[in-house]
Amino acid sequence: MGNPDLVFALAGVGALLAAVLPRLLNRRPFSLPLVCLICGALLYLLPLDLPEPDPVAHRALVEHVTEICVLISLMGAGLAINRPFGRRGWASTWRLLGWTLPLTVVAVAGAAGAVLGWPPAAALLLGAVLAPTDPVLASDVQVGEPVDSEKADDEVRFTLTSEAGLNDGLAFPLVFAAIAMAGSGGFGWAGGWALTDLLYRCGTGVVCGLLAGKLLGRLFFRARVSDLRLAEHRDGFVALAATFLAYGLTELAHGYGFIAVFVTACTIRAAERTHGYNGVLHGFIEQIERLFTAWLILLLGGSVATGGLAALTWRGAAVGLLLLLVIRPLAGWVAQLGGSAGPRERGVTAFFGIRGIGSLFYLAYALGQADFGVPAEELWAVVIFTVLGSLVLHGMTATPVMARLDRLRDRAADPDAEPAAQHL
């Protein structure tokens, strides 16, 4: 377990990094997760008595810690979205969920079968694990804090935030399909899977999220007893209560809690869209999210430094790079054809399909449910490599790309700067 005193000290270092780095790295092509990754690797290269960051040996711990981190991030993402929920306003999101998610699963699974020679269940699992984009590590390309204007979110940031908020839950049926395939070896499970794991659990997640959000929104903003009207007391930690309550009740009803948490957050925000308490809730949850992210990425860096990629082959690395450089950008671009976004916005949205903590959670969960016919070390190596590749690729490009996109958008909106914008 390592030296407990040293662990406490390093936990403090991680917390300080989470507080200081976002300000130091502002407008620089270097993200908080990328710095934490490097620091974690360097720490574990030193002769220190640190806990072993082995996801295979500590699978259950990885599952629950990453689960909490994703939940907190989903609440933060839902509270930050300024655009009201709707069919037209969220059209870009529906395109990515309806086309990009399944296309990515099929393409990654096909690559795993063809390049790695994995059995169908393991190939499907890899596709399901790596398909969802991540709400935890994508802060540089997501919407900021809640504001009064419903039109404040630009199309790229809104689409990436709402996509990450929903596809983390929508990937669960695909993970369950891989688990069922690994257990049966055939397709006799498909009917029960479609009714239970797909329709019932997704529907229950949405319904529970709506109910929890409406009840909590009414309590926060319009309770008849002033002591229960929590918006007047401005306690930010109530966001954690909403997160765990929505998740726990939905899971007890055998629904998808990830979906419920995001829907709950969006519903609370819609209860009083311009109230300052939304900013209080989001500010608190964002701080907790940064703290968990810093700790987890430090450990991820330590895992890499201590041999976490030892089982990685060039074929496994090729599948990860194929996802980041070809599959996601192409699937994201195709899904947006005919949409309202311009070519530049489509390209940026398609490229920034960030993989992260959600993929680690899904893999840890699935490996606790079934044997997929592939060594766990190899599965972890491919997923960790892909997450690392996303951290480096997207972490170094997010700030300059988004900054340039903002400049071009501002120039296009200014009639005097229109010729310059067209020239660029």
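## Exercises: a serine and a ring cluster

Ser73 touches Pro135, Val136 and Glu289, leaving aside residues up to four places away in sequence. Keep in mind that this is a predicted model. Let's work through it together.

**Exercise 1.** Find out where Ser73 lies and whether Ser73 is buried or exposed.

*Solution.* 
- Step 1: Locate the residue. Ser73 belongs to helix H3, residues 59-80.
- Step 2: Check the accessible area. Buried means under 20% relative accessible area. Ser73 has 1%, so Ser73 is buried.
- Step 3: Look at the side chain. A polar atom of the Ser73 side chain lies 2.6 Å from the backbone oxygen of Pro135.

**Exercise 2.** Classify the ring pair of Phe258 and Phe361.

*Solution.* 
- Step 1: Recall what to look up. A pair of aromatic rings is described by the distance of the centres and the angle of the planes.
- Step 2: The count of aromatic pairs comes to 24. For Phe258 and Phe361, the ring centres are 5.2 Å apart and the planes stand at 50 degrees, so this pair is tilted.
- Step 3: Phe258 is in helix H10 (residues 257-271) and Phe361 in helix H14 (residues 357-367), so the pair ties together parts 103 residues apart in sequence.
- Step 4: Both Phe258 and Phe361 are buried.

**Exercise 3.** Follow the rings onward from Phe361 to Tyr362.

*Solution.* 
- Step 1: Their centres lie 5.4 Å apart with planes at 55 degrees, so the pair is tilted.
- Step 2: Tyr362 has a relative accessible area of 0%, so Tyr362 is buried.
- Step 3: Ring pairs join these residues into a cluster that includes Phe172, Phe176 and Tyr247.
- Step 4: Over the ring of Phe176 sits the charged end of Arg201, 4.6 Å from the ring centre.

Note on methods
Residues are numbered from 1 along each chain as its sequence is written. This is a predicted model: local features need pLDDT of at least 70, side-chain atom pairs count only at pLDDT 80 or more; totals for chains, interfaces and linings use all residues. Side-chain values use heavy atoms; hydrogens and water are left out. Helices (H or I, at least four residues) and strands (E, at least two) are DSSP runs, numbered from the N terminus. Buried means under 20% relative accessible area, exposed over 50%, partly exposed in between (1.4 Å probe, protein chains only). A polar contact is a pair of N or O atoms within 3.5 Å; within protein, one must be able to donate a hydrogen and the other to accept it, and residues adjacent in sequence count only if both atoms are side-chain atoms. Contact means heavy atoms within 4.5 Å. Rings of Phe, Tyr and Trp (its six-membered ring) pair if their centres lie within 6.5 Å; planes under 30 degrees apart count as stacked, over 60 as edge-to-face and the rest as tilted. A charge sits over a ring if NZ of Lys or CZ of Arg is within 6 Å of the ring centre and within 35 degrees of the ring normal.
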